[in-house]
Amino acid sequence: MTPEHGIRPASHATHTRLTLDKATAENFPVAPFFLPRAWREGLTAVYGYARLVDDIGDGDLAPGGRDAVLLGLDPAAVDDRLAMLDAFEADLLRVFGGADGPPRHPLLLALQPVVHDHGLTPEPFLGLIEANRQDQRVTRYETYEDLLAYCELSANPVGRLVLSLTGTSTPERIRRSDAVCTALQIAEHLQDVAEDLARDRIYLPGQDMRRFHVTETDLLAPTAGASVRALVAFEAERARELLDEGTPLVGSVHGRLRLLLAGFVGGGRAALRAVGAAGFDVLPGPPKPTKTGLLREVATVLRTAPRKG
């Protein structure tokens, strides 16, 4: 008998829903209603995977150790993030035909038909796990290039999966998608400076902090001083430039996919606009865009994104 026996299917559904419900807090639409059902199901399964691996890495799993049990571990192992990530990776490999049966976690079980139907490969999924392993070992980034390398693991795989799920992946689109996803990650880091610091993580490059005369003590203040605001404005401009680089991705596709990708880009622009509207003071809490502001940015992206084909 495996450890997950005795957990009722109904509790599986509730547990899964708690993870998927976090989609409402994202800066961008995860699986909007206007997409074809197959796309929605695929994007929801991928989001569930990405959300769960981030929750493992951040220590944000539901209390009680249920996720540990589902992955074949003792409930107490839920606090051992590296052990949880290792068990999660082993369960992921079951999605791709591991020898010891089907995946154990319901979110990975839901991912299995999506992987098979779309011919997805393990690499982007493994990248997300490795990013969370890195979060356990690396808490500071010395250079912007170091941060970009982290985003290559933590963010870019998601955009590549979206292109694969929709059958639109090309080298040029992957390049544009990587720019958008990295920008979204940086925007999220800027919104969450205080929250990340509470986890002893700083995603502001050390070189840039010194350039703007910002110390870690400055980031602990209840509100940001002029130097912190200038640093955040500088990083926000970098993210905005990446969004500009990636925006032609929207014009390279058609129909409902174009609207979805505009939602991603518009979500990033709206997040950065919210950061700017807060005077680049992100220390009291994450500046969040309004729904109206998000829709306005999406409309602008749709109107201005250069069309190809």
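## Salt bridges in the model

A salt bridge is counted here when a side-chain nitrogen of Lys or Arg lies within 4 Å of a carboxyl oxygen of Asp or Glu. By this criterion, the whole structure contains 25 salt bridges.

The structure is a predicted model, in which local features need pLDDT of at least 70 and side-chain atom pairs count only at pLDDT 80 or more, while totals for chains, interfaces and linings use all residues. Residues are numbered from 1 along each chain as its sequence is written, and side-chain values use heavy atoms, with hydrogens and water left out.

## Buried pairs

Arg94 and Asp91 form a salt bridge with an N to O distance of 2.7 Å. They are three residues apart in helix α4 (residues 81-95), a separation of about one helical turn. Helices (H or I, at least four residues) and strands (E, at least two) are DSSP runs, numbered from the N terminus. Arg94 is buried at 7% relative accessible area, and Asp91 is buried at 0%. Buried means under 20% relative accessible area, exposed over 50%, and partly exposed in between (1.4 Å probe, protein chains only).

Arg238 pairs with Asp208, their closest N and O atoms being 2.7 Å apart.

## A partly exposed pair

Arg160 and Glu152 meet in a salt bridge at 3.3 Å, N to O. Arg160 is partly exposed, with a relative accessible area of 30%; Glu152 is also partly exposed, at 35%.

## A network

Salt bridges link Asp86, Glu89, Glu130 and Arg133 in a network.
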